[in-house]
Amino acid sequence: MRLHRVLPLVLVLLQVAFLTACQPPLDVTLASSSERLPSPAFLVDEPSQDGGPPRYDVIRVVTEEGKTVWHVRALSFGGTRGRRIVYGEAPDGFETVEPAQPLQTGRLYSIGVSGEGSGALRFVTGQDGSVRPEKA
């Protein structure tokens with residue numbers, strides 16, 4: 001990969017890492033191993049809540065180049081939220097900042113969730129429409 005393509009994604013990940021140094025982590029995963037385009041689902045868990053609902057106020061999905069393709073935020077900050085997020089569907093109590101753009105096949109994306117806690121997941125869309133976590 002070229003530096004100009006990697007640098008924005010690295011900066012987003014560093015920002016998430018910096019923010020998580022002061023906040024409890026959120027675990028962001030795919031909702032299942034069979035998630036597919038156009039609207040994969042994700043699960044958010046906050047281990048520090050001992051099974052309680054996670055605390056987050058912002059959801060943002062960015063491309064490998066750092067371009068935002070979906071961004072929503074809570075109407076009132078500081079509450080607990082549902083665990084399940086579906087790409088392109090603003091959860092109850094959220095407003096759309098940047099409408100969802102179609103996810104393209106064969107691309108790398110990152111979903112970041114932040115608020116009281118924060119976390120992220122990098123995921124790849126396959127040529128067949130499958131969605132899977134990026135391999136480390």
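The dialogue below moves from the chain as a whole to its strands and its aromatic rings.

Tutor: Please note at the outset that this is a predicted model.

Student: How many helices and strands are there in the protein chain?

Tutor: The protein chain has 1 helix and 9 strands. Read from the N terminus, the order of the elements is α-β-β-β-β-β-β-β-β-β.

Student: What percentage of the residues in the protein chain is buried?

Tutor: A residue counts as buried when its relative accessible area is under 20%. Of the 136 residues in the protein chain, 38% are buried. The chain exposes about 7300 Å², and carbon and sulfur atoms supply 54% of that area.

Student: How should I read the pairing of strands?

Tutor: Strands of a sheet pair through backbone hydrogen bonds, and the pairing is either parallel or antiparallel. Here, 3 strands form an open sheet with antiparallel pairing, in the order β1-β2-β5. Since β1 and β5 (84-86) are at the edges and each has a single partner strand, one side of each is left without a neighbour in the sheet. From one strand to the next, the twist averages 30°.

Student: Over how many bridges do β1 and β2 pair?

Tutor: They pair over 4 bridges, in the antiparallel sense. Within this pairing, Leu30 stands opposite Phe42 in β2. The loop between β1 (27-30) and β2 (41-45) holds Pro38. The peptide bond from Leu37 to Pro38 is cis, with omega near 15°.

Student: Which strands pair with β3?

Tutor: Strand β3 pairs with β4 over 5 bridges and with β7 over 6 bridges. Both pairings are antiparallel. For individual residues, the bridge partner of Arg60 is His71 in β4, while Val62 stands opposite Ser110 in β7.

Student: Is strand β3 (residues 58-63) mostly covered or mostly uncovered?

Tutor: Strand β3 is mostly covered, for 5 of its 6 residues are buried. The hairpin of β3 and β4 has 4 residues between the strands, and in this hairpin Gly66 takes a positive phi near 95°.

Student: How does one describe a pair of aromatic rings?

Tutor: A pair of aromatic rings is described by the distance of the centres and the angle of the planes. A search of the whole structure finds 4 aromatic pairs. One of them joins Trp70 and Tyr87: the pair is edge-to-face, with 5.3 Å centre to centre and 65° between the planes.

Student: Where in the chain do Trp70 and Tyr87 lie?

Tutor: Trp70 lies in strand β4 (residues 68-74), and Tyr87 lies in the loop between β5 and β6 (94-98), so the pair ties together parts that are 17 residues apart in sequence.

Student: Why does Trp70 count as buried?

Tutor: Trp70 counts as buried because its relative accessibility is 1%. Tyr87 is buried as well, with a relative accessible area of 3%.

Student: What kind of aromatic pair do Tyr109 and Phe123 form?

Tutor: Tyr109 and Phe123 form a stacked pair, with 5.7 Å centre to centre and 25° between the planes. Tyr109 lies in strand β7 (residues 108-114) and Phe123 in strand β8 (residues 118-125), so this pair ties together parts that are 14 residues apart in sequence. Both Tyr109 and Phe123 are buried.

Student: Which residues do ring pairs link into a cluster?

Tutor: The cluster consists of Phe42, Tyr109 and Phe123, linked by ring pairs.

Note on methods:
Residues are numbered from 1 along each chain as its sequence is written. This is a predicted model: local features need pLDDT of at least 70, side-chain atom pairs count only at pLDDT 80 or more; totals for chains, interfaces and linings use all residues. Side-chain values use heavy atoms; hydrogens and water are left out. Helices (H or I, at least four residues) and strands (E, at least two) are DSSP runs, numbered from the N terminus. Buried means under 20% relative accessible area, exposed over 50%, partly exposed in between (1.4 Å probe, protein chains only). Accessible areas come from the Shrake-Rupley method with a 1.4 Å probe; for residues, only the protein chains shown count as cover. Two strands pair if DSSP finds at least two bridges between them. Axes are lines fitted to C-alpha atoms, for helices over the stretch in contact, and angles run from 0 to 180 degrees between N-to-C directions. Rings of Phe, Tyr and Trp (its six-membered ring) pair if their centres lie within 6.5 Å; planes under 30 degrees apart count as stacked, over 60 as edge-to-face and the rest as tilted.
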